[in-house]
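Please read it beside the sequence and the model.

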Amino acid sequence: MINNDTVLMAHLLRRAGFGATRNELEDYLALGYDGAVEALLNPSDAGNMPDDLIRRYHVEQSELRDLAGSAAYWMYRMISTSCPLEEKIALFWHGLFATGYAKLNQARSLLNQVDMFRRSGMGSFENLLVDLSKDPAMIVWLDNNENHDEAINENYGRELLELFSMGIGNYTEEDIKECSRAFTGWTLGNAEYMAIRAAKDSIWPYGRIAWHFDYREQDHDDGEKTFLGETGRFNGEDIIAIIAKQESTAQFVATRLFQFFAADEITEFGEKAIQEMITTYFSSGYQIKDMLRTLFNSDYFKSDEARFARVKGPVEMVVGAIRMAGNYQNPALGIEKVSNTMLYMGQGLLQPPTVEGWHEGSEWIDSGALVERVNFVAKELSNVQSPGVRSIIDRLEANSDAGILHPTALANGCLDLLGPIAVSEATHEVLVNYASRQGDLDLNGHQPGDEAEQRVGNMLRLVAATREYQLA
Amino acid sequence: MSTQTKSSRISLDYVKTIGIVNNGFNGRGFANPYDLTTDDEGRIFVLNRCDPARASAIRVGICNLDDEYLEEFGRGNGSGDGQFTWVVAMAKDRQNRLHITDEFNHRVTTYTTDGEYVSHWGKPGANDGELNGPAGIAVDSSDNLFIVDQNNSRVQKFTTEGKFIATWGEFGNSDGQFNLPWGVAVDKDDNVYIADWRNDRIQKFSNDGQFLVTFGSSGDGEGQFQRPTSVAIDPDGFIYIADWGNERVQILGPDGSFQLILKGEATLSKWAEEYLASNPEEKAERDISNLKPNLPAHLNTPYHISSQTEPYFWGPVSVTIDKKGRLYVTETNRHRFQVYQKR
């Protein structure tokens, strides 16, 4: 077990959020671990950057016509929210129910889908699947607008079973057909016109027209269906109710939550937490929030084994660094370039590569992506004019010996305030050796951007380049 | 469905829509227009803010009511002579010069109405004559410029050459105070009206900055506002407000009494018709579509409704009145303006 409150809380906030500044960490510590878990699970006022301000200065984020501005719009939300789990769960479902701009050419509707993940993403999995099936972006992404009474299209039905719930091997081809029949007539308003516009990427004459769900009763196959051994005149909701009660669905949801919030690899110890989550899935009526509570309070999650057992995804990496540095708290030129940076690291918001989402874990790291990751974070954290970095400098000074930091104290202080981050002995030696080149650091009378402060910035830059910083 | 709430004292007829989204860097159409003004020759000047992908083409486009796209000018994105970054508003003086505010570069740039760059002035700061995010701009009968200095929570009065004359206002929500103000207009008596954006109200001042009266409060009811961006006054004293957050235009009487709501009723512009004529498959489906749909409850907000209801205003950022009683409503998110005629 992790026996240090600060270390444990930092671990929780890396998983249920995007990491934490020391001020945030102290606020959560005041709640205690259980209280912090509840605060994260029950988001209230997110306090994020208000839409009116964003729209005033960013016309592209008011119209949300193009990908870059739309991804940046979500970035602002992640950067400025006080309810980070709300964004983290939306990101989780965005990766699992992966829906991409490339086919839709409709960013506003993708962001409406993300709103739905915020709204329903910690509620009942059954309700979430219903909302997902009514989501216009998903409908177009998997061609359910082409799923008709007289001519079914199985794309959505197939992926609902294979990628979004039970997983392959737990149903038959006949189940897919029957499932698809149940979702006939589930389409979007003005489906034919919107499909042409999406296919042509038409923005004419007056920009995009966002989408909404429409049920066409006359196009719905109301006949008897047999699905997973049950027979009836099932509609989509009935099919989802059957899916939700399957053991394989519980296993799927628990496993994917575990891999996103706890660890990339599942050990025997980790499997125990998954089984506890499956129990909660059924006892709570498929509530995701309750499954997360079980996970965060599990012995596994609080163990040393779970700490730094995940590779940070690019979005976690970038958002975490910006939040730590305290940048982009107001609308500013250049935010769309930051969202592009995540794409270069392999994770473009609103543009997962396929319906399978991103390949996570160690696959985030290749030589090109690693350079992008290190460069971005190093640049954010080494800018001593950034408010978050200034706060780190002030804390280092407050914890120093009359303004003097010995090289080891400088390295340890930066590792502590950026995490705390645990590094190997070899890494620690490199950091201390680097700090020792210029001897003790004297922060007495330091001024913004002076040489003393820049030494802190350089140490933060070096920490950002460590292997350990790549892990959550 | 009618998109006007009727008043017995004032009535407007919808005339037409002009515009089409311009996805490129020049030519016919608009790119996130932010303001509009007219001249006595029937020319309509449209200030295109442009999104970051098209920032290098920030420009003023010129057209007329006969749907002719005449020309455009601008020197691209940046802080050099004649360049812009975040343009907000535009006012024409009595020497036929256009003064354009840039809230990023903290300055005003002047062009002739023939598109010749004249000069720019202004520097960042909070002292008299300095600017921090200049937004709305208007001209009075003596050719003085009133500039809304948004981040300094004040209004400043200048000559058209940029010489400081006066200032008033401070941050707050009491009379004469502002919270991120945006638009400004001058009436025939040279009184000054400010769209006090984040206080959801319009404030009226004398020409020298004496507070006179305030109109409106926060909300979506009649006479209430959500982030008003622009205000215009007609010769009879009626007050037109771009009620941006409510995606509508409201008209108040000279005494501030509520008169009328416009929600927009855009039809196809001539340019839009030409696009659809060359895309018959798209037109055929469009013709049988319902462009005023009923939306699910979670989308029942003015923003979402306008994002899916093409005839309605979406991002109505600017209202302009010309000498013939026409109202022009500029829509950022629809790349067009709708024209109404006062009866």
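The points below cover the basis of the model, its cores, a helix pair, the chain contact and some local backbone features.

1. Basis. This is a predicted model, in which local features need pLDDT of at least 70 and side-chain atom pairs count only at pLDDT 80 or more, while totals for chains, interfaces and linings use all residues. Residues are numbered from 1 along each chain as its sequence is written, and chains are lettered from A and ligands numbered from 1 in the order in which they are written.

2. Main core. The largest nonpolar core holds 148 residues. Such a core is a set of buried Ala, Val, Leu, Ile, Met, Phe, Trp, Tyr and Cys residues joined through C-beta atoms within 7 Å. Buried means 20 or more other C-beta atoms within 10 Å of the residue's own, exposed means 12 or fewer, and partly exposed lies in between, with C-beta atoms placed from the backbone. Among the residues with the most contacts inside the core are M75(A), A254(A), F258(A) and V463(A). Helix α5 (residues 67-80) of chain A supplies the largest share of this core, 10 residues. Helices (H or I, at least four residues) and strands (E, at least two) are DSSP runs numbered from the N terminus.

3. Second core. A separate core of 72 residues includes V46(B), M90(B), I233(B) and I239(B).

4. A254(A). Apart from neighbours within four places in sequence, A254(A) is in contact with I274(A), M277(A), I278(A), Y281(A) and M291(A). Contact here means C-beta atoms, placed from the backbone, within 7 Å.

5. Helix pair. α5(A) and helix α8 (residues 107-120) of chain A pack at about 20°, and their axes are 10 Å apart. That angle makes α5(A) roughly parallel to α8(A) (angles under 35 degrees count as roughly parallel, over 145 as roughly antiparallel, 65 to 115 as roughly perpendicular and the rest as oblique). Axes are lines fitted to C-alpha atoms, for helices over the stretch in contact, and angles run from 0 to 180 degrees between N-to-C directions. The α5(A) side of the contact consists of L67(A), S70(A), Y73(A) and W74(A), and the α8(A) side of A107(A), L110(A), L111(A) and V114(A). By class these residues are seven nonpolar, one polar and no charged. Ala, Val, Leu, Ile, Met, Phe, Trp, Tyr, Cys and Pro count as nonpolar, Asp, Glu, Lys and Arg as charged, and the others, Gly among them, as polar.

6. Chain contact. Chain A contributes 29 residues and chain B 35 residues. On the side of chain A that touches chain B, two or more residues come from each of α3 (51-57), α4 (59-63), α5 and α13 (191-200). The most, five residues, come from α13(A). That side has 13 nonpolar, seven polar and nine charged residues.

7. Cis bonds. The peptide bond from W204(A) to P205(A) is cis, with omega near 5°, and P205(A) lies in the loop between α13 and β2 (213-215) of chain A. Another cis bond joins G419(A) and P420(A), with omega about 10°.

8. Which value does phi of Y286(A) take? Phi is near 70°, positive in a residue other than glycine. Y286(A) counts as buried because 22 C-beta neighbours lie inside 10 Å. H106(B), also not a glycine, has a positive phi of about 55° and sits in the loop between β8 (97-102) and β9 (107-112) of chain B.

Technical notes
Two residues are in contact if their C-beta atoms, placed from the backbone, lie within 7 Å.
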